[in-house]
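Hi,

Here is the structure I promised to pass on. Have a look at it first, and my notes on what turned up follow below.

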Amino acid sequence: RKRRRREAQRTQRGSLYFCVPPSCVASTPMTDFEVQEDKTMYPFSTNPEWSDITPLKQDDGPNPVVSILYSKRFSESMDYFRAILQKDERSPRALRLCSEIIDLNSANYTAWHFRRACLKELDSNLTEELKYVSEITLQTPKNYQLWFHRRKLVEWLNDPSLELEFTAKVLESDSKNYHVWSHRSWVNQHFNLWDGELAFTKSLLEQDLRNNSAFNHRYTVVKHTTGFTREVIQSESRFVFELITKAPNNESAWNYLRGLFDTNEFSQHDEFQRFTEDVISGTKSVHAYSFLVDILMRRKQNSDLLRAVEICKNLGSELDEIRVKYWKYVEKLIRQQIQDE
Amino acid sequence: MEGKQDYIFLKKRHISYLRRSLSILPSSTANYDTSRMTVLFFSLSGLDILHALDDVPEQEIQEIVEWIYSLQLTSEDGYPCGGFRGGHCVTNVAAEATPQDSYNIGHSNKIKQQTSNQYNDHQMSSVCQTNGILSKNSNTELDVRINEGDSSIPQKLLKMCNGNKKKINLSSDTNNAKGLSNTNTVYSKSDGKPPFSNLSSNQEDIHLQFSSVYASQSPLDTGHIAMTYTALASLLLLGDDLARVDKEAVLQHVASLQCPDGSFLSNAGGSENDLRFVYCAAVICHILADSSAINIDAAVTYITDCLGYAGALGQGALQESHGGSTYCGVAALHLLGALKKNSGNVSASKDNDATATNETDNATVTSNVAANDSSAAVAASSYDSEADTELHGLLSPRELDSLVRWLIMRQQDTCDTTPEAVNAREGGLQGRPNKPADTCYTFWVGAALKLLGCEHLLDLNSLLQFVLSTQDPVTGGLAKHSSSGADGLHTYLGLSGMAVLGLLPLQDAMPVDPALNMTCRAVKHLRDLNLRSRR
């Protein structure tokens, strides 16, 4: 019960973007969500540092809807934030106020933007700022504004030296965090930093060979470095073969294999097919069979296509029943292809 | 599945949940403060799906309409680059304009009247997205080349760029061009042609047209593309005629957010750019029946560049294929394809015939096409591959096959054993391979398949049972999986997903248009408005 309520709170606190947050919920830890006691400036009304500021209340109109029951701290902090914005005061205390707002609502992009304005105006130490962002990352690791801000800092500093280590660290707590991978990928590309990336993906796949993000990153790395040459496809396919042998129905691995296969130039169809046939002789891997269907469909010879039809039938009726309609559909496409020949 | 009871659809509970979120949200939802408009959309659209919007009193409807319009930025109020905000966080922070610094916070919400009179419509419609480029201490690599003697370049802007002729250096940014951050890039749209002919090429000198009107505007209190989209959608749901929408300002706002690589930012203060906002832009242009604000070709290029090796779309080029971005890309291609087809063609109505028909095994749904609409026959067909020529022209048959395969594979055939999704029933849809099933992908993956004419290939029964298992029987609403708490996003997308796929009987859920994510009733209202405005 308690766990369910806690989960509910966690969900509702999550950083929201109306669509496509890779996970719709920010995994905020249940520990203190507040800025620490000794660091907060709240309550502002009795804080001498803020005595010169008249707070500016939100004007939500006469009949607001979807009204949030702001906490007292939230309301007051925002009132002072509005006042500071109105003055366009880009001061140290304004910067700290931005931290408060970010702490209360990390999705407030205006606070992040004003924060950047303050940083520029004050000619702040951006390395310190990067440290601040790093510190709060684990509270809201799936927040778009936080990662955008980080990117800006790295651009301004023109210094990626912390990024690979930092992203690796965040991935330790969630190895598939989309934002983290995007950021890392951006760092690689923007600064042309590719050394060790392949090994990095390998180590992650050693920890979890079902890490789809690690596979995707690997593809990106190869694409940007060696490219998919004959040799690379050979070594990459060996790499994937090994992982498939460990987990024969791992879709992520098969997708990567198909990605190699589709590069076309050096598509060693025979070797790929041999491997796949080998797998299915030992286990009933849905993804192995479906890859075989793809290979056979490329062949265009009737015997191959007819075999593909049989596999589809097998998938639909037995191996992958949940997709029976899909495999019937594929079967139909293949039959159409046979007819067209 | 033996021994497992079928779940009941708790329609009344969900209606209560949505009605509550229409009025008050608990303090734990403070993260939604800048995006209340989206919560409003979820609530209204969710209620509409459940046939419960009509039960909202007329007075309340009017109050909601007023609230939405109160968040609009109009030219009349001094915001030529308009759109809608997500909430009233900073709407009353107004001050004088001081345009020299792009971090021009809170000080130029109102532009100087004389500036706006200097430039003609053509210039006004060429908008430059500046984000840091004109700041005093710009660390960006980009300089600006201005074509001297071009009278359309405002003097004020020349001064801002130090009056010098500088060269735009794209080489440092071309690495970023494909799908990555372009927020420091100056961009101009003109003549509907791509501003940069080849994003992966070497340095190019770009001649730009700036709108000084925009450049002097504050990046603080601006519209947000997702809030603009959900505001317009919400107005349609409420039966509003959009007469009070400052269409030009909205289009200016959208235009100003497009990046050189064709993607979009969310707001003028700067943000990430990805497929989500491309989708928002496409819907906005569709609702306003006007594509002049965007460079469609560039947007389409961006979308197709998002196709990954796995067969679906990531948020940007080479990014991991993902259910949400796949939906945004496929839906945007559908809408942009239609827009492109109909641009300039006043009498064509295909772009407004986006009706969905849920042709399920056990129900035939009549499309909500107006009887006197000449394209009724075309519109009445479901989203099947043959009819969707726009999409087909943009993706190859093999790409389409891979896309369908990837989407169909999102359905889980085993019970998830990850800690988060323990006890999740099989049949749910996941967002990426080897991730737990999650209710919201019922819409993202389901609607994408619907647009590709392949939604019937899913195991709809087990999907339905999964979604129903995520209902919260106490509060109402739906959660990402059965061990989580309900929230607005999952509630709405769970309902909308079920509606798009025709998983619920018609008396429980109205059909939903897969590209516009609104009921067919709302889409019909939109079509009626657009037809009316053409006369």
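The charged end of Arg276(B) sits over the ring of Tyr144(A), with 3.7 Å to the ring centre. So you know what you're looking at: this is a predicted model. There is another charge-over-ring case, this one within chain A: Lys120(A) puts its charged end over the ring of Trp156(A), 4.3 Å from the centre.

Next, rings against rings. How many aromatic pairs does a search of the whole structure find? Over all chains, the count comes to 31. One of them is Phe81(A) with Phe114(A), an edge-to-face pair with 6.2 Å from centre to centre and 75° between the planes. That pair ties together distant parts of the chain: Phe81(A) belongs to helix 2 (residues 72–87) of chain A and Phe114(A) to helix 4 (residues 109–122) of chain A, and the two are 33 residues apart. Are these two buried or exposed? Phe81(A) and Phe114(A) are both buried.

Over in chain B, the ring centres of Phe41(B) and Phe42(B) are 6.2 Å apart and the planes make an angle of 50°; since edge-to-face needs over 60 degrees and stacked needs under 30, this pair counts as tilted. Phe41(B) and Phe42(B) are both buried as well. They also belong to a cluster held together by ring pairs, whose other members are Tyr229(B), Tyr279(B), Tyr327(B), Phe443(B), Trp444(B) and Tyr492(B).

Now chain B as a whole. It has 20 helices and five strands, and 69% of its 535 residues count as buried. Taking the contacts in chain B with a separation of 6 or more, 73% are between residues 24 or more positions apart. Its accessible surface is about 17,400 Å², and carbon and sulfur atoms account for 48% of that.

Last, have a look at helix 20 of chain B, residues 520–534. From first C-alpha to last, its 15 residues reach 21 Å, close to the 21 Å expected at 1.5 Å a residue. Which of its residues are buried? They are Cys520(B), Ala522(B), Val523(B), His525(B), Leu526(B), Arg527(B), Leu529(B) and Asn530(B).

Cheers

Definitions and conventions. Residues are numbered from 1 along each chain as its sequence is written. Chains are lettered from A and ligands numbered from 1 in the order in which they are written. This is a predicted model: local features need pLDDT of at least 70, side-chain atom pairs count only at pLDDT 80 or more; totals for chains, interfaces and linings use all residues. Side-chain values use heavy atoms; hydrogens and water are left out. Helices (H or I, at least four residues) and strands (E, at least two) are DSSP runs, numbered from the N terminus. Buried means under 20% relative accessible area, exposed over 50%, partly exposed in between (1.4 Å probe, protein chains only). Contact means heavy atoms within 4.5 Å. Accessible areas come from the Shrake-Rupley method with a 1.4 Å probe; for residues, only the protein chains shown count as cover. The expected span of a helix is 1.5 Å times one less than its number of residues. Rings of Phe, Tyr and Trp (its six-membered ring) pair if their centres lie within 6.5 Å; planes under 30 degrees apart count as stacked, over 60 as edge-to-face and the rest as tilted. A charge sits over a ring if NZ of Lys or CZ of Arg is within 6 Å of the ring centre and within 35 degrees of the ring normal.
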